Structure formats: C-alpha cells, structure tokens
Amino acid sequence: MPRGCSDWHGARAVLRRDAGRLVPIPKRALDGLAAFERQGGLSRRDLLAGGVGLLVAANGIPGLSTQGVLEAAAAQAAGAPDATILVSLYLDGGNDGLNTLVPLADPRYAQLRSRIGIDPATALPLVDTTSFGWHPSLAGLRELYDAGKVAVLPSVDYSHPDQSHFNSGGYWRSGIVGPAPDRTGWLGRTLDAIGTHDNPLQGIHVGWGQDPSLNGRRAPVATVSSPSDFGFYIPDVWEEKAFLPTYRRLSRARAKHPALAAVRSMYGNTIETHDRLAPLAKEDKPAPPPLPYPDSNLGKSLGNLGRMLGAGFGTRVAVVSSGGFDTHDAQAQAHADLLQDLGDSLRAWQADLDARGLSERVLTMVWSEFGRRPEDNDSAGTDHGAGGLLLLVGNRANGGIRSEFPGLAQLDPDDNLVTTTDFRSVYATLLEQWLGVEAARVLPRAPGGRLPLLRAA
Amino acid sequence: MRQQRTLRRYALGNFRTLSRAMMRDGAMQIWLDLAGSSDEAPNENFAREFFELFTLGANNGYTEKDIREAARALTGFTFDYDTKRFGFDPKRHDGGTKHILGQRGRFGPLDVVDLALDNRHHAPFLCTQLWGYFSPRTCPPRLLRRLVTAYTQSGHEIAPVLQLILTDAALYKDLEEPDMIKPPVVYVAGMLRQTGTYITTDDWVWMLDQMGQRPFYPPNVSGWEQNEAWLSTSSLRMRFQAAASLLRDAIKDGEVPQKRTPEEAVERSLVFAGQPWTSKATGSALASYSRLSVAGRDENWEVKHYWPERERVLRQVLLAGPDAQVC
C-alpha cells in the first residue's frame with residue numbers, strides 16, 4: 001500500500017530530525033510477535049499495511065515490554081487519522097433488487113412483473129448503460145451513480161440459497177454459510193484481527209441491540225443510537241464520578257460463569273463508550289449537515305454516524321439498517337417510499353462525508369439477505385427469492401455495473417434469480433483491498449476470486 | 001391479547017391442542033399469511049415457520065418440498081376485512097394428494113399438525129427447547145431421553161416434561177453464581193417487585209424497547225434471541241437509566257443521619273433492593289464505596305447532601321449493577 005510507504009518516509013524524516021527522542025522498535029521486539037498474534041493482535045503484515053512505521057517514542061517508555069510496544073502500534077494503526085472505514089447498510093427483510101435496479105432490456109421482466117413491474121418510461125436512466133433503469137424514487141442514488149460513486153452487483157448470494165430470513169441473514173452476518181461455530185460475525189472478527197482491545201468505538205452499530213455481524217471474540221464494539229444521548233444519571237447524585245468508579249471496578253472483576261463475565265465486560269464497554277463520546281455529548285447544537293437527511297430512522301442513523309466518524313474515534317467498521325423490505329403484499333407504494341428514503345439518505349450521507357473530509361475514507365456497502373422472487377404474487381407483492389442487489393457507495397467505489405446480471409430467461413430450480421456473485425468474495429475483496437486484512441483470517445472458507453470493486457485514490 | 005390468552009391457557013396442557021389453537025389464532029393467521037392462502041396461490045409462510053420454529057427445528061427432518069406440500073394442505077383459511085371474521089372455505093382448499101414428511105394422502109390443515117408432531121424429530125426438538133428456557137447448558141442426554149419418553153407416552157402433554165426438568169438434579173447443579181442473563185421484561189418486573197413499586201407510567205414501554213424487548217413486539221416470528229444477545233452498550237445503559245428512574249425522590253437530602261455507619265448504609269440498601277444475590281466483587285466494592293464516599297464530608301451542607309447521595313448510589317448499584325443482570 002502506498003500509504004504505508006509515505007508514512008514510513010515521514011516517520012524517517014522525523015527520526016532524522018529528532019534522533020535523540022525517537023528510535024525504531026528494537027529488533028528483539030519482533031520476537032514476541034508470534035505470541036502476540038496468537039493472543040489476537042495484529043499480524044506483521046497488518047502492521048505494515050496499517051502504515052504504523054514501526055516507530056515508538058523511546059523516552060518516557062523505557063521499560064515498555066515487547067507486547068506493550070506492539071499494542072501501542074496496534075492502537076496507532078487502528079486510530080490512524082487516515083484509516084479506511086467500512087459501513088454496512090442492511091436493508092432488512094429482503095430488498096426487491098429487480099424493482100430497485102430494473103432490467104429494462106430483459107424481455108421477461110414485463111411478463112414476470114405483470115402486477116407490480118416498473119414502467120420503463122418512468123425508470124431513471126443510467127449514464128453508461130441502457131440495460132437497466134433505477135426505480136423512479138431513486139433520484140438520489142442515480143446522482144451518485146452518475147458521478148461514478150456506486151459499484152453495482154446485481155445478483156449476490158451463495159449457492160443453494162436459503163429463503164429463511166434467519167438463516168440467510170445469519171450467514172451474511174457471520175460470513176459463514178451453514179451452521180456457525182460460534183456467535184461471532186465477520187466484522188467482529190475483522191476487528192479481532194485489526195482492532196484494539198480497549199476502544200469500543202472502533203466498531204459502531206447505530207441502534208439499540210448489538211448487531212451480530214459485530215460480535216467478536218475479543219474486540220469490544222459499541223452500540224449507540226445517538227451520541228448526544230449516552231449519559232449516566234442518578235437523580236440527585238451530583239456527579240458521575242460519585243458512581244462511575246464503582247461501576248468500572250465491578251466491570252473488571254472476574255466471574256465464574258460466562259453470563260456474568262459477559263455482563264461485566266459489556267458494562268466496561270458501555271462506560272468506556274460513554275467516556276469517549278463525551279466531546280459529542282457536550283455539543284449543544286451539532287452543525288447541520290450540508291444536505292438535510294430524511295426524517296427517517298435511516299436518515300437519523302446516518303446523521304448520528306456522521307457525527308461520530310467526524311469526531312475521529314478510530315472507527316473502522318459501522319452498521320446501520322433500514323427496515324420494512326419484506327414486501328409480500330401491496331409492495332408498490334411501500335417499496336417506493338423505502339427506496340426514496342434510501343436514495344435521499346445516501347445522497348445526504350455522501351455530502352456529509354464530503355463536508356467532513358471523510359469521503360475518500362468511507363465506503364458504504366448496501367445489502368440485503370436475499371432478493372425477491374422474479375414473478376410477483378397475487379397479493380401485489382413478491383415472495384422470498386435469491387440473488388440480491390448489492391451496492392458499494394463512496395468516492396473510492398469503482399462506479400458502474402461490476403458483476404454479471406444473470407437475466408430472467410433462465411431461473412434457478414426454485415424459480416429465483418440465478419446467483420452470479422458469492423457474497424463472501426465481496427467480503428474478501430473489501431477485507432484485503434479496503435480494510436487491509438488477509439481474508440483468510442476473517443473468513444474460514446474464503447473464496448479465491450477478488451472483484452473489481454475499488455479504484456485507487 | 002387473545003393470542004396471549006391462548007398461549008397461557010394451553011401452556012401447561014397438550015401441545016397438539018396448543019398447535020391447533022395457534023393455527024386458528026387470528027394474529028397467527030394474519031402474521032404468517034395463513035388467512036387468504038388458497039389452492040390457486042398457496043402461501044408457504046406458516047408452513048415454513050411451523051416446521052422450522054415451532055415443531056421440528058431448522059433443517060431438521062424436512063425439505064423445501066415438504067414446506068410447499070404442507071402449504072397446499074393448509075389452504076382454505078379466510079379473513080373478511082369488513083366483518084373481521086376468520087373462516088375456512090372448502091372451495092379455496094386444495095383437496096388433492098400431497099406428500100408431506102414421507103407420508104402421502106389428501107391432507108388438510110389438522111393433518112399437518114399431526115404429521116409434524118408424530119415425526120421422530122419433533123419430541124427431542126421440543127424437549128430441548130423447554131430445557132433451554134431454564135438452563136444455558138446442554139440438556140444431559142440421559143435426561144433428554146426421559147423427557148422425550150414422558151412427552152410421547154403422555155400424548156404430547158407439556159406439564160410432565162416441565163415437572164421432570166424442574167425436579168432434575170442437573171438443573172440445580174453449579175448454582176452458586178447465576179448463569180443466565182435476564183431478559184429486559186424479567187429485569188424490570190423483578191426490579192419493580194423487589195422494590196415494591198407499582199407500574200404508574202407507560203415510560204416502561206419505551207425503556208423496554210430500548211433495552212431490546214418491547215412487550216408483544218418480538219423482532220420476528222422466532223421471538224427474541226436470549227442471553228448474550230440481550231447485551232449491548234446501548235441496552236445496558238438503558239437498564240442503568242431504568243433503575244435510576246425508580247430512585248427519583250426515594251431519599252431526600254437531610255434524611256440520613258450522620259451517625260449511620262457504612263455497614264448500616266449497605267444493609268439498608270440491600271433491604272430496599274429486596275436482598276438480591278450479590279457477588280463477592282460487589283460486596284467489597286459497595287463496602288469500600290460506602291466508607292470512602294462520605295469520608296471527610298463533615299460540614300453541615302455536606303452531611304445533608306452526601307450522606308443521602310451515598311445511599312442513592314448504593315441502591316442504584318444493587319438495582320442496575322452487573323449482578324442485577326443475571327439470574
């Protein structure tokens with residue numbers, strides 16, 4: 001990665017200037033690397049990729065252990081001001097990809113969608129192809145696509161796709177198709193590999209319950225709905241410091257059973273999150289975003305996430321979601337409203353990131369647990385299908401249609417869209433080319449191929 | 001609410017009766033698209049969840065084909081939006097032959113219940129589910145065999161299974177530390193009961209929602225995921241604030257005499273909180289807090305505020321601390 005190189009040069013320049021104060025990590029420090037890795041730290045490759053420069057300030061930490069040096073380096077890497085960030089935006093319920101990106105050139109579309117098909121005359125054209133049109137509500141997304149900021153994968157799933165929300169959603173979150181060995185999710189394991197052990201805000205779920213894709217073995221993560229509303233108050237107790245030290249002490253105590261251990265550790269994360277969010281909690285009136293977000297859950301979530309990313313908390317991954325995509329009946333209006341919200345939210349999101357100087361560093365992956373059945377049903381809706389639409393949005397996304405659309409002439413044995421792209425190859429590409437971690441360290445059965453999803457800065 | 005009554009009425013009764021009643025339950029008929037499913041357009045929603053969630057377990061002894069065939073057998077239910085009445089229209093029922101779970105026949109809705117319940121995968125699935133409600137550990141195979149036998153020999157009675165679970169030594173092993181995480185409703189109800197508080201505000205609804213469990217609004221048809229899935233930084237902060245809301249105006253400034261010892265302060269707080277289980281760590285943290293929080297605060301205004309404040313904090317830790325989250 002070029003970034004690592006330039007950092008290394010910069011660091012050497014500092015070293016030459018301040019030869020007395022800075023020394024490279026002693027060679028023997030690397031001896032402990034294998035042990036540190038076994039404990040879940042960074043790999044050497046990650047350190048280099050993260051642009052740490054392998055330097056530490058030597059005076060002031062003369063007795064720092066090998067592990068201490070590496071942990072400091074790891075923390076620096078995770079919190080590096082230019083670290084990349086991946087945002088997972090989940091469309092809950094199974095988004096109808098065929099009515100989101102409409103295959104205008106496919107003659108079967110109008111037949112299969114005789115009840116709720118999108119009229120080709122109203123679909124919004126794409127700048128570079130006449131094969132597809134956007135749903136008429138997606139003016140916001142179309143603008144981003146035309147600016148080259150949206151990579152589109154029209155049929156992403158896995159082989160023999162399962163049509164249960166729980167199973168398919170679970171596979172996407174864990175990154176493992178079939179029964180998973182534990183509760184961890186692919187983003188949680190990513191943080192286990194590249195994250196720190198003390199910064200919950202390295203992984204943020206904007207919501208109330210922890211998103212399972214963020215479950216890790218060690219790396220703490222935070223669930224925050226609004227950073228302005230994360231205080232601890234007890235009526236008529238004047239200061240937090242009257243009680244938070246006791247809670248901190250309890251959160252560090254050992255427990256015999258996993259249940260109490262989990263509660264204590266999450267209490268520790270909660271208080272740590274609260275402490276780190278303090279600068280935002282104090283803001284009376286956050287600056288308004290350049291483009292107003294829709295007044296929806298998704299709009300609010302992205303607005304709050306923008307504030308947290310803007311504050312530089314060392315976030316590497318984040319999760320937001322939008323619900324209501326399980327459109328079994330009366331789909332037309334409901335889906336139009338959902339897509340309007342999605343397109344407008346994404347447009348406001350990119351403008352917000354631009355204004356914060358973050359748009360080169362943040363990539364947003366929009367996904368759903370499956371697509372919907374090509375043939376619409378008698379209730380003017382669609383049933384669970386396969387082959388969902390996946391979008392990557394951001395300045396560094398490789399804009400355009402980036403994987404094959406299978407067409408509607410031939411469907412799979414369940415009458416669903418044929419899958420052309422395995423979601424794990426999307427993950428593997430993002431892990432290696434965006435987050436800087438070897439895919440095999442996160443995905444136990446990582447597929448071989450990588451996709452052209454990103455372009456150079 | 002009617003569904004709640006149905007569940008309560010048959011919870012300790014016969015599972016076959018319960019399954020049949022739930023199939024006719026209005027909320028179920030609507031939510032899983034059973035009402036309106038016809039021979040011309042059978043809806044698979046109920047059939048799938050009936051096998052996956054309620055009777056057999058995910059991918060356990062049935063196939064996609066079984067689901068589609070069962071959906072055919074379950075056609076014919078109707079709902080009239082004007083009169084709000086549920087019904088069954090034989091003309092909309094698919095009377096043809098179906099293949100379900102290895103059997104062949106002109107099956108109807110009640111047959112689907114029987115076929116699932118008589119399947120060999122059903123009894124172990126249900127007994128494991130019932131055990132899992134009481135213990136986070138795997139059910140010992142020896143006990144599971146006894147549960148399955150009791151369940152099948154009684155003709156799908158639930159009570160005998162529960163009796164065996166609740167009287168088995170395995171359930172009471174290793175209990176010096178609680179080992180399950182309280183669901184929000186259990187946490188809040190327990191807190192209200194321990195402190196002798198009544199429900200006087202509907203604020204509990206949004207607080208429970210933010211803890212991850214809005215009553216009667218499960219996230220999906222499989223219900224809430226249990227144990228560690230309840231935990232997030234957001235939900236724990238809400239549990240903390242929910243306890244704090246109970247402490248408003250409980251002790252006023254000036255109400256606590258200066259002569260009250262640290263031990264007395266802790267003891268009184270334990271009584272207030274209903275003598276909950278406390279870990280060693282909590283015991284010693286409270287003892288040292290109780291000593292240090294008022295040390296050197298002897299001015300009149302300090303005694304007036306900080307001595308009651310100490311007990312507010314002690315109560316809060318007992319109601320909302322880590323120990324209070326497990327059972």
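# A selection tour of chains A and B

Select helix α6 (residues 139-146) of chain A: A:R142 and A:D146 sit four residues apart in this helix, so about one helical turn separates them. Helices here are DSSP runs of H or I with at least four residues, strands are runs of E with at least two, and both are numbered from the N terminus.

The model is predicted, so local features need pLDDT of at least 70 and side-chain atom pairs count only at pLDDT 80 or more, while totals for chains, interfaces and linings use all residues. Residues are numbered from 1 along each chain as its sequence is written, chains are lettered from A and ligands numbered from 1 in the order in which they are written, and side-chain values use heavy atoms, with hydrogens and water left out.

**Stop 1: salt bridges in chain A**

A:R142 and A:D146 form a salt bridge, with the closest N and O atoms 3.6 Å apart. The term covers a side-chain nitrogen of Lys or Arg within 4 Å of a carboxyl oxygen of Asp or Glu. A:R142 is partly exposed at 29% relative accessibility, and A:D146 is partly exposed at 34%. In these terms buried is under 20% relative accessible area, exposed is over 50% and partly exposed lies in between, with a 1.4 Å probe and protein chains only.

Next, select A:D422 and A:R424. Their salt bridge has its closest N and O atoms 2.6 Å apart. A:D422 counts as partly exposed at 21%, whereas A:R424 counts as buried at 14%.

**Stop 2: salt bridges involving chain B**

Select B:D94 and B:R72, whose side chains meet in a salt bridge at 2.7 Å, N to O. This pair links distant parts of the chain, 22 residues apart: B:D94 is in the loop between β2 (85-88) and β3 (98-100) of chain B, and B:R72 is in helix α5 (residues 64-73) of chain B. B:D94 is buried, with a relative accessible area of 14%. Then select A:D414, B:E44, B:R48, B:E64 and B:R68, which salt bridges with shared partners join into one network. Over all chains, the structure holds 34 salt bridges.

**Stop 3: strand β12 of chain A**

Select residues 388-393 of chain A, strand β12, where six of the six residues are buried. Side chains in a regular strand alternate between the two faces of the sheet. Colour A:G388, A:L390 and A:L392 for one side of β12(A), and A:L389, A:L391 and A:V393 for the other; all are buried, and both faces are covered.

Two strands count as paired if DSSP finds at least two bridges between them. Here A:V152 stands opposite A:L391. β11(A) also runs antiparallel to β12(A), joined by three bridges, and A:M365 stands opposite A:L392.

**Stop 4: A:S359**

Select A:S359, in the loop between α12 (331-355) and β11 (362-368) of chain A. A:S359 is buried, at 7% relative accessibility. Its side chain makes a polar contact of 2.5 Å with the side chain of A:D354 and another of 3.2 Å with that of A:N395. A polar contact is a pair of N or O atoms within 3.5 Å; within protein, one must be able to donate a hydrogen and the other to accept it, and residues adjacent in sequence count only if both atoms are side-chain atoms.

**Stop 5: strand β10 of chain A**

Select strand β10 (residues 317-322) of chain A. Five of its six residues are buried, so the strand is largely enclosed by the rest of the structure. Strand β3 (residues 85-91) of chain A pairs with β10(A) in the parallel sense over six bridges, with A:L91 opposite A:S322. Strand β8 (residues 203-205) of chain A also runs parallel to β10(A), through three bridges, and A:I204 has A:A318 as its bridge partner.

**Stop 6: an open sheet in chain A**

Three strands of chain A form an open, antiparallel sheet in the order β4-β6-β5. Its edge strands are β4 (101-102) and β5 (124-125), each pairing on one side only. β5(A) meets strand β6 (residues 133-134) over two antiparallel bridges; the bridge partner of A:P125 is A:G133.

**Stop 7: helix α15 of chain B**

Finish with helix α15 (residues 300-320) of chain B, in which 18 of 21 residues are buried.
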